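Okay, everyone, thanks for coming. Have a look at the screen, and I'll talk you through what's there.

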Amino acid sequence: MSGLMTRIKQFARSPRGHRTIGAARRAAADPRRRAQARRVLSRFRARR
């Protein structure tokens, strides 16, 4: 498990990771995207 965490940390520190994190933050700040994410999560929760 620690190997996986190391790889995630390395990715997050890389230029590509910075771009991905920035895109995710921008999407999370958008109200329409946030509502879309809530709908998707509610579908997964309803299946349990």
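Let's begin at Ser-14: a polar atom of its side chain sits 3.1 Å from the backbone nitrogen of Gly-17. That's a polar contact, meaning a pair of N or O atoms within 3.5 Å; within protein, one must be able to donate a hydrogen and the other to accept it, and residues adjacent in sequence count only if both atoms are side-chain atoms. Where does Ser-14 sit? You'll find Ser-14 in the loop between α1 and α2. With a relative accessibility of 19%, Ser-14 counts as buried. On that scale, buried means under 20% relative accessible area, exposed means over 50%, and partly exposed is in between, using a 1.4 Å probe and protein chains only.

Quick housekeeping: this is a predicted model, where local features need pLDDT of at least 70 and side-chain atom pairs count only at pLDDT 80 or more, while totals for chains, interfaces and linings use all residues. Residues are numbered from 1 along each chain as its sequence is written, and side-chain values use heavy atoms, with hydrogens and water left out.

Now the overall picture. The protein has three helices and zero strands, and from the N terminus the order is α-α-α. Helices here are DSSP runs (H or I, at least four residues), strands likewise (E, at least two), numbered from the N terminus. The C-alpha atoms fill a box of roughly 35 × 25 × 10 Å along the principal axes. Of the 48 residues, 6% are buried.

On to the packing. α1 and α2 meet at an angle of about 80°, with axes 4 Å apart. Axes are lines fitted to C-alpha atoms, for helices over the stretch in contact, and angles run from 0 to 180 degrees between N-to-C directions. So those two helices are roughly perpendicular to each other, which is the word for 65 to 115 degrees; under 35 is roughly parallel, over 145 roughly antiparallel, and the rest oblique.

Who touches whom? On the α1 side we have Phe-11, Ala-12 and Arg-13, and their partners in α2 include Pro-15, His-18 and Ile-21. Contact means heavy atoms within 4.5 Å. By class, the residues of this contact are four nonpolar, three polar and two charged.

Let's stay with Phe-11, in helix α1, residues 2-13. Is Phe-11 buried, exposed or partly exposed? Its relative accessibility is 37%, so Phe-11 counts as partly exposed. Skip the neighbours within four places in sequence, and Phe-11 is in contact with Arg-16, Gly-17 and Thr-20.

Last stop, Arg-38, in helix α3. Arg-38 has a relative accessible area of 56%, so Arg-38 is exposed. Its C-alpha atom is separated by 26 Å from that of Arg-16, 22 residues away along the chain.

Conventions
Nonpolar A, V, L, I, M, F, W, Y, C, P; charged D, E, K, R; others polar.
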